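Work through the exercises below with the sequence and the structure at hand. Try each task before reading its solution.

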Amino acid sequence: MQYCSRCVYPEVAVNLILDDEGVCSSCRVAEEYNKLGDEMWSTRKQKFEELLDRYRNPDQSNYDCIIPVSGGKDSYWQAHIIKKEYGLNPLLVTYHGNNYLPEGQANLDRMRDQLGVDHIVFGPGIDTLRKLNRLCFRKMGDMNWHAHAGIKIVPMIVAVRYRIPLVVWGEATWTIAGMFSPDDYVEYNKRTVLEHDLRGYDWRRMIDEDEGIEAKDLLWLRFPSDREFADLDVKGIYIGNFFKWDPNQHADLMRELYGFEMARQPFERTYRTMSNLDDMHENGIHDYMKFVKFGYGRASDHAAKDIRDGYIDRDRGIELVREYDHVKPRRDLERWLEYTGFTEAEFDEVADGFRDARVWRRENGSWIKDNIWDATS
Ligand SMILES: [Zn+2]
């Protein structure tokens, strides 16, 4: 197994490639972003302002834009910029997957109060969510598929229904894997969302007789049609293309301005306490499944990002990966088993079926893989 020589990503990381110098595509794109000087960022900011001017509602007869929010530090920051810096009237839209941590829920509830904005919170029936947890875990080893899908689809349904053509997303997440350059100004498009966020599965693939999931349970998973998008001229932009994106700074600023709360207790699988408060399983067994599949987890993601932003060096990153990536999150697993009715033995059996042969081998009854600390010693 090869690892990026700058961060801690293994070559099997999703959508990643290592170049001839052993540097990963994610680090290369970060390098491009870091090269953008203040002048470039101010040009980008100007572009953003021109966009807002073009879409701003002229006569107060509708909202100026939609901001999809989870109530996390980044969505606070987005809403802050749009509402407080530019004085627009946004409509916040949340997909609620029913698994918020209490502090995440408190952050979400506080947005209306702190920012003085209107807010639609959409949640599918909990029975359907439990079924989708089970089905998608079996189907693709990802119990949180519903969340990845709901977050990306529900705000677009609201955009079309409310006739609000501008949707302002946060970080252009595909840049993390190095798929796009800053100059691509990547925008929301259904095809990329379907292929990446939804892993190629649309709502029709979720109709399931055994679980009892019917078409009527999945209305919120249907993208508006191309026709509807075109008629309204819907534009989904990523604010991360226009402003320097530093999650650590967002968290500090949002704490200071709005009393944003971090996790009240440490996570079992990563050292960061400011992310993923909107779904307790996201940093827990959902992420553990990434480790089972590909041999790395969120501690690797967080360390890689923090190395690139200069908060830690690579040695410290490797220590963190060693401490967290392999951990089976007991507390979180227990809750999920109770939520879905799986036993731990069933969970393990399904999980093991997803182990990637490029990463794992079986030795004396245990699953073994190469590790980054051996690769560098
Ligand atoms: Zn890298």
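**Exercise 1.** In this predicted model, describe how α3 and helix α9 (residues 247-258) pack: what is the angle, and how far apart are their axes?

Solution. Two packed helices are described by the angle between their axes and the distance between the axes. For α3 and α9 the angle is about 65°, and the axes are 9 Å apart. Angles of 65 to 115 degrees count as roughly perpendicular, and α3 and α9 are therefore roughly perpendicular to each other. The crossing in which α3 passes α9 is left-handed. On the α3 side the contact is made by K73, D74, Y76, W77, H80 and K84. On the α9 side it is made by P247, H250, A251, L253, M254, L257 and Y258. Sorted by class, the contact of α3 with α9 holds eight nonpolar, two polar and three charged residues.

**Exercise 2.** Strand β2 (residues 90-95) pairs with strand β3 (residues 118-122). In which sense do they pair, and over how many bridges? Which residue of β3 is the bridge partner of V93?

Solution. The sense is parallel, and there are five bridges between β2 and β3. The partner of V93 is I120.

**Exercise 3.** Where are Y185 and N276 found, and what is the phi of Y185 and of N276?

Solution. Start with the general rule: most residues other than glycine have a negative phi. Y185 is not a glycine, yet its phi is positive, about 45°. Y185 lies in the loop between β4 (166-169) and α7 (190-197). N276, also not a glycine, has a positive phi of about 65°. The loop that holds N276 runs between α9 and α10 (285-294).

Methods. Residues numbered from 1 in each chain as written. Predicted model: local features only at pLDDT ≥ 70, side-chain atom pairs only at ≥ 80, totals over all residues. Heavy atoms only, no water. Pairing = 2+ DSSP bridges. Helix = DSSP H or I, 4+ residues; strand = E, 2+ residues; numbered from the N terminus. Axes fitted to C-alpha atoms, helices over the stretch in contact; angles between N-to-C directions. Parallel < 35°, antiparallel > 145°, perpendicular 65-115°, else oblique. Left-handed = near helix turned anticlockwise from the far one by under 90°. Contact = heavy atoms within 4.5 Å. Nonpolar A, V, L, I, M, F, W, Y, C, P; charged D, E, K, R; others polar.
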